[in-house]
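Trainee: I have a new structure to read. Could you take me through it?

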Amino acid sequence: MSAPRATVRLQFHEGFPITDAIELVEYFHKLGISDIYASPLTRARAGSTHGYDTIDYHVISPELGGEEALRKLVARLREFGMGLILDIVPNHMGVSPDNAWWWSVLREGPNSAYAEYFDIEWNSPDPSLKGKLLAPYLGDPYGKVLSEGQLKIERDQKTHEPVVTYYDARFPIAPEHHEEVLRLMDETPQAFDAARTDGRQRLHELLERQHYRLAWWRTAAEEINWRRFFEISDLAGMRAERDAVRDDIHSLFFRLYEEGLVDGLRVDHVDGLADPKAYCRYLRAELEKRADRRPADAPKRVPYVVVEKILAAGEPLATAWETDGTTGYDFMSEVGQWLHDPQGEATLTTMWQSISGSTKTFTELSRTARRQLIQQNFAGEFDALVRLLHRIAHFDLMTRDWSPSAIRRVLTELLVYFPVYRTYADVQGRTEDDEVPFTKAREGAHASLRPADYDLLDTMAGWLGGQAPQDFPEDQRSVRLQAIRRFQQLTSPLAAKSVEDTGFYRYGRLLSRNEVGADPAIFSMESDEFHERVRGRAESFPLALLATATHDHKRGEDGRARLAVLSERATEWEALVTRWCERHARFKHEAGEEPAPSPLPADEYMLYQSLIGAWPLDLSVNDEDGIRELAGRLSDWQTKSLREAKQQSSWVTPDDSYENACNGFLFQMLDPQANADTLLELIEFINRIGPAGAVNSLSQTLLRMTIPGVPDLYQGTEMWDFSLVDPDNRRPVDFALRKQALDTPFDVAALVDHWRDGRIKFEVVRRTLNFRKQHEALFLEGDYLPLTVEGAESQHVFAFARTQGDSVAVVIVPHRVATMVLGTNEDAKPRIAADKWGDTVVCLPEGVNVQQFSSVLTDATCPVAGGRIRVADALADLPIALLG
């Protein structure tokens, strides 16, 4: 096996440790998986449910079972010839007293051996932060916390050193003060008692001499002097561009690779790193250097490296990075666009504008969000960049009169209009590829600035990489490189927060397009373009991961596929929503507060969509416990949605009144006793569109596993997944049910008849992945050939062939067929009657002389006549076909 054939993503945590995965290896092997793709396994903060808050890069988390458990898992994988891909987090660490590196920095400041490991501005212009870092971890302003005696000095139970305690939090005291503090504590137990005036003064003076400044958590946004992961003050940015830091972070990963315990790496948030290109090339070189030392039973293949990277429409991933591709968000967006019918876009757009009372496009909304985030959430990072640009201005007599205010104004517009996550300028300046998005940003900024700022805009474009820093003296070169780095590490989180974590929760035209990696402004994609995207990826990154669900998705893949049907039934959906809004006004009156009943129309409409996407297929109106459970999940989603939107509520200042009113509305609306009419309509509507949603799901599932790339299966999604955003999408998986499905006798008619149980999807996954196993070279190296479709319903069929020598496989899936499915099924099943296809045929390419295919998914035969396959024959038993 020269590369991963198919991966399964598993989320490890204390409730699902490594040992649990050992019991699943044989199941995954039988399913057709070649590699487990593990969430971060290094030691994280106690109780972490995701592992992205690493506190020790040198050990496998004891909570997960430690390295001993990892060795047992890999030994089991090797029994079946399987591999392990590990998610790593080089960009940031979790802030915790248990993080020895962070504790050392707090304890020793700039003198710590790890002072340069974290991205800290030790020479802050703020006198109170000179040689210190801001520690924004107090629940109230510092003065209040101090005066109320919430800060104490105690002896650490393990080290016996004096420490500052704040409830359960601990902060170190600099070593040079230990003797003095311990002496005072021994002589006068109340020496640092904040209840006493002298004790409070003494405690304050001691804290002022530490290498950190304790502060109210709300100061972080404006005063932070170190880089965080996005705006999370519990995650500190790492300087992985420094050789010593980079080597220290990766020593365990490289050892595990060399010892054959890990076979590939997935890099989290690669855009957070200072120089992704240099980093990825470093990773590739170090792994290849160790490849020949790996044990004989380890997979014999080139080291596998993929990166988590959000690509804007038309943005390529640089081949110069020497990675195998992305983790699959690009494919997830493309197949999602392809599912949506452009005919419904206008109706849904008008409907959203009428409900929300806003005609702003998603792009306009996200730009508004960017302005808000720059001013509030990233003010500290923004100010630091302004200071650097002001320093650059002072190097030249021609530019030194540009004021910080002018720089702020122009920089804001440049950031607001930046069209991609980031560029990758270095000492040589921007590349030609980077000039494209930067030019678009300049054009947008130019249109919004006054003419007096145009010269500064052009000049700033030079400072930020238009001019090569290497062409300037050392002092200027250093500052220019710092400015470029800070700019590029700011555009990335700003893009993510304004789009995924704000815009997605403000704009509700159709929530199936509000997904990680997607642009809701782009509604649909035609088949020809989808073919081109597939071929482009095959040419540049044939081993890129292909995903339709992840640990970060906003909605489960099958929920999105069901919502996509609304683009084909927009008028019917509009009538249903209108009826619900009128009927549920009484719940607003009861739940809301005058003069603004809650929820507001936009929030109400997004709730209805989430309900459509999340409703379980087997949930009936009589199942009050099941409805109550769903309401609880939707309540959690709704609270997160309202806070992420940062309009009526937020994480910083939650509006309990509005949130409670929205939750009251939700629970009354889903009360079978109070609102049976709506629930009956809801279930009837889902019964109508559900089969078409299932066809969409099966189509995208088959495409993910058969186009060029490495299909990734998110845990549990081999059966239906109607999950909501995390933590809902990380709920325990019923693997016992899935194991049982392996041993259930195959009956294609039963799969269709009982499609709601998820076994129809399970069989598509199992049979397709095992077919890939039997024909590995065909899918790894074979050509991708779009096939011509002719006949009355040709626009509703998507087909391609995978060919290599004499080997050929043909994939045929229906496209936007809600009307055909609804017209076929009185009994509501994902089936399209043969007569609906009429004379529609798929034309085989020249040179493929096959008289008859076998259906991989049904075991039936499919005739070929004159180089043509009748769609009615290919899709006679299942709504999709894989022929080989």
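Mentor: Start with Glu-629, which sits in helix 24 (residues 624-645). Helices (H or I, at least four residues) and strands (E, at least two) are DSSP runs, numbered from the N terminus. This is a predicted model: local features need pLDDT of at least 70, side-chain atom pairs count only at pLDDT 80 or more, and totals for chains, interfaces and linings use all residues. Residues are numbered from 1 along each chain as its sequence is written, and side-chain values use heavy atoms, without hydrogens and water.

Trainee: Does Glu-629 count as buried or exposed?

Mentor: Buried means under 20% relative accessible area, exposed over 50%, and partly exposed in between (1.4 Å probe, protein chains only). Glu-629 has 52% relative accessibility, so it counts as exposed.

Trainee: What about Leu-634?

Mentor: Leu-634 is also found in helix 24. Its relative accessible area is 0%, so Leu-634 is buried.

Trainee: How much of the chain is buried?

Mentor: Buried residues are 61% of the 884 residues.

Trainee: How many helices and strands does the chain have?

Mentor: The chain has 32 helices and 26 strands. Its radius of gyration is 29 Å, close to the 29 Å from the globule rule for 884 residues, so the chain is as compact as a globular protein of that length. That radius is taken over C-alpha atoms; the rule is 2.2 Å times the number of residues to the power 0.38.

Trainee: What does the C-alpha trace span along its principal axes?

Mentor: About 95 × 70 × 60 Å.
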